[in-house]
Amino acid sequence: MRFACTFAQVAALSVALLGGLSAEETVDEETPSRPKYPLAIAVAAAESYVVDLDLPGVWKLSAEGQPTLFVRGSKWIRKPLNRPRCVAILPDGDLLIGDTPTREVYRIAAAGGEPKPLTAGGIGIPMSIAVDANENVYVADLETRTIVRFPLAGGKVETFAQVNTRGLSLDPQGQLWAVTQDKHQLVRIDSAGKATPVVSDRPFQFPHNVVVTDSGDAFVTDGYAKAIWRIPAGGKPEQWLTGPPLINPVGLAIHEGNLFVADPHAKNIYMIAIDSKQITPLIKD
């Protein structure tokens with residue numbers, strides 16, 4: 001039987017055999033200067049955070065475009081933040097981060113520190129997170145093809161809506177929107193978990209995430225189309241922005257009239273002014 005190990009894993013095992021670190025501890029690696037695979041982004045008034053799937057970990061992004069490492073995940077598959085995929089910022093500045101190998105959503109204090117698990121491994125594949133004003137946490141669970149819900153304080157996970165969801169967002173009125181992989185690719189979901197179609201007949205090639213403006217316009221990232229779609233309130237979807245510098249737009253956030261797009265293939269975060277479509281790369285070369 002053949003085994004394949006990275007250099008860091010071999011080094012960690014060697015140290016363990018010599019009586020030093022345990023075999024589950026990793027040898028420190030040099031931290032890169034920028035995200036390797038920026039998959040998701042969350043933006044608040046003072047801070048922006050970027051999920052890096054391949055580091056793995058989460059970066060904090062300054063207004064000047066300088067990324068600094070906020071938390072580094074483990075290289076070991078059953079350890080926290082081994083493959084983080086989504087992030088949300090709470091009103092107090094703490095973060096919620098969804099991690100697939102541990103089937104968990106973690107809370108991390110704004111000042112940093114150890115990730116705190118909230119569901120005892122009660123989620124399958126967390127792809128997106130939204131938190132409402134009543135401190136309900138909604139998670140798109142790709143494994144169960146549902147939206148699940150649990151209290152922000154942590155606890156039991158329950159099925160909220162039978163919607164095969166990839167991306168979630170709350171609009172300014174607190175209503176939940178979901179990007180799905182089914183015929184109705186964009187839906188609104190009421191407080192009882194009932195979905196109302198917004199976009200049907202599958203115009204998107206591979207939609208990832210959604211945000212909604214104060215006026216009710218929705219924007220959706222589409223990786224395969226290399227595009228961002230705009231769905232006017234009550235209108236039909238249109239390709240709002242497509243092509244370079246977008247290569248595979250995935251993560252999406254909105255703040256103060258700007259969209260923030262995480263593109264893992266471009267290895268950058270783009271700020272796009274909604275009124276002018278001016279694109280600004282936030283991670284400087």
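Let's start with an open sheet of four strands, in the order β5-β6-β7-β8, where the pairing is antiparallel. Strands here, like helices, are DSSP runs numbered from the N terminus, with at least two residues (E) for a strand and at least four (H or I) for a helix. Two strands pair if DSSP finds at least two bridges between them. The edges of this sheet are β5 and β8 (116-117), each of which pairs on one side only. Strand β7, residues 104-108, meets β8 through two bridges in the antiparallel sense, and across from Tyr106 you will find Pro117 of β8.

Before going on, a word about what we are looking at. This is a predicted model, in which local features need pLDDT of at least 70 and side-chain atom pairs count only at pLDDT 80 or more, while totals for chains, interfaces and linings use all residues. Residues are numbered from 1 along each chain as its sequence is written, and side-chain values use heavy atoms, with hydrogens and water left out.

In strand β22, residues 258-263, six of the six residues are buried, where buried means under 20% relative accessible area, exposed means over 50%, and partly exposed is in between, using a 1.4 Å probe and protein chains only. So which residues of β22 lie on each side? Asn258, Phe260 and Ala262 are on one side, Leu259, Val261 and Asp263 are on the other, and both faces are covered.

What about the neighbours of β22? Strand β21, residues 251-255, runs antiparallel to β22 and is joined to it by five bridges. Within that pairing, Ala253 has Phe260 as its bridge partner. The two strands make a hairpin with two residues between them, and Glu256 in the turn has a positive phi of about 50°. Then there is strand β23, residues 268-273, which pairs with β22 over six bridges, again in the antiparallel sense. Here Asp263 is opposite Asn268 of β23. The hairpin of β22 and β23 has four residues between the strands, and Lys267 takes a positive phi near 55°.

Let's turn to the rings. How many aromatic pairs does a search of the whole structure find? The search gives five. For the definition, rings of Phe, Tyr and Trp (its six-membered ring) pair if their centres lie within 6.5 Å, and planes under 30 degrees apart count as stacked, over 60 as edge-to-face and the rest as tilted. Take Tyr49 and Phe70: their ring centres are 5.2 Å apart and their planes are at 70°, so this pair is edge-to-face. Tyr49 belongs to strand β2 (residues 48-52) and Phe70 to strand β4 (residues 67-72), so the pair links distant parts of the chain, 21 residues apart. Tyr49 and Phe70 are both buried.

Phe206 and Tyr224 make a tilted pair, with 4.8 Å from centre to centre and 45° between the planes. Phe206 sits in the loop between β16 (195-199) and β17 (207-212), and Tyr224 in the loop between β18 (218-222) and β19 (227-231), 18 residues apart. Buried or exposed, where do these rings fall? Phe206 counts as partly exposed, because its relative accessibility is 24%, and Tyr224 counts as exposed, at 58%.

One more ring: Arg188 lies over the face of Trp177, 5.4 Å from the ring centre. A charge sits over a ring if NZ of Lys or CZ of Arg is within 6 Å of the ring centre and within 35 degrees of the ring normal.

Finally, the charges. The structure holds seven salt bridges, each a side-chain nitrogen of Lys or Arg within 4 Å of a carboxyl oxygen of Asp or Glu. One of them brings together Arg83 and Asp54, at 3.0 Å from N to O. Arg83 is in the loop between β4 and β5 (84-89), and Asp54 in the loop between β2 and β3 (57-61), 29 residues apart. Arg83 is partly exposed at 29%, and Asp54 is partly exposed at 34%.

Arg230 and Asp217 also meet in a salt bridge, 2.9 Å from N to O. Arg230 is in strand β19 and Asp217 in the loop between β17 and β18, so this pair ties together parts 13 residues apart in sequence. Arg230 is partly exposed, with a relative accessible area of 22%, whereas Asp217 is buried at 13%. And to finish, Asp92, Asp94 and Arg107 are linked in a salt-bridge network.
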